[in-house]
Amino acid sequence: MRVVAANQLVKFDLKTSLSTIGDGRTITAVPKKQTVFVQGDSSDAVFYIQKGKVKLTVVSKSGKEATIGILSEGDFLGEECLRGEPLRFCTATAMTDCSVIRIDKKSMIEMLHREHGVSGVFVAFLLARNIRLEEDLVDQLFNSSEERLARVLLLLAHFGKDGKPECVIPNISQETLAEMIGTTRSRVSHFMNKFRGLGFVDYQAGDVLHVHSSLLNVVLHD
């Protein structure tokens, strides 16, 4: 499995380019558990995550909530405004203390036309996200819930981005993991205990989850 961050595909200092205040751009600190935007809000800006992790959730008309993704440093969110969507289709919530750059729709469009470096990174991000969505669909159709959980943990740990595992997320709930892979919390608990017993994952101080490369054995096992 090869997981590549979009901001690695184009060698360009995107953070410096975007962080210039003005021209429809603002930098905002979003504390843990606070929302960046809410489902049904006006879709009028794109956001870039400078620091932290953001969870995307949707709520159905019947009130059922599902987690559809977790984004981290170097990712964009809210890009649906560029294709004319008037309202947010999901809620974005900070899972850790975050710093985000808000770029209003008009400024983002102008920047994509004017600054080739920004447009190159943004297109690479969209392509990487599209590939991820296709892989998610294949994962749901053909892989077991144990394999799906292993893949999600590896993605969250950014394997393939660099040579060392990253802390996944402090205190990520088993309910959230269950929503992401389409199974029950009890099944997630069973598999997490199994992974821990096999040395694939371990919990450090503060319940920070570390993922080891050996977890790839679960994903690659036929």
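Q: Two strands pair if DSSP finds at least two bridges between them, so which residue in β5 is the bridge partner of V54?
A: This is a predicted model, with local features needing pLDDT of at least 70, side-chain atom pairs pLDDT 80 or more, and totals for chains, interfaces and linings using all residues. Residues count from 1 along each chain as its sequence is written, and side-chain values use heavy atoms, leaving out hydrogens and water. Strands (E, at least two residues) and helices (H or I, at least four) are DSSP runs numbered from the N terminus. β4 (residues 53-59) and β5 pair antiparallel over seven bridges; K53 stands opposite S72, and the partner of V54 is L71.

Q: In the hairpin of β4 and β5, which residue takes a positive phi?
A: Five residues sit between the two strands. The one with phi near 95 degrees is G63.

Q: What are the edge strands of the open sheet?
A: Four strands run in the order β2-β7-β4-β5, with antiparallel pairing. An edge strand pairs on one side only, which here picks out β2 (35-37) and β5 (65-72).

Q: What angle does the direction of α6 make with that of β5?
A: Axes are lines fitted to C-alpha atoms (for helices, over the stretch in contact), and angles between N-to-C directions run from 0 to 180 degrees. Helix α6 (residues 174-181) packs on the sheet and touches β4 and β5, where contact means heavy atoms within 4.5 Å. Its direction and that of β5 make an angle of about 100 degrees.

Q: Are α3 and α4 roughly parallel or roughly perpendicular to each other?
A: Helix α3 (residues 105-114) packs on α4 (residues 116-142) at about 105 degrees, with the axes 6 Å apart. Under 35 degrees counts as roughly parallel, over 145 as roughly antiparallel, 65 to 115 as roughly perpendicular and the rest as oblique. The two helices are therefore roughly perpendicular.

Q: Which element gives the largest share of the lining of the second largest pocket?
A: β5, α4, α5 (145-156) and α6 each supply at least two residues of that lining. By class, the lining divides into six nonpolar, three polar and five charged residues. The largest share, six residues, comes from α4.

Methods
Two strands pair if DSSP finds at least two bridges between them. Ala, Val, Leu, Ile, Met, Phe, Trp, Tyr, Cys and Pro count as nonpolar, Asp, Glu, Lys and Arg as charged, and the others, Gly among them, as polar.
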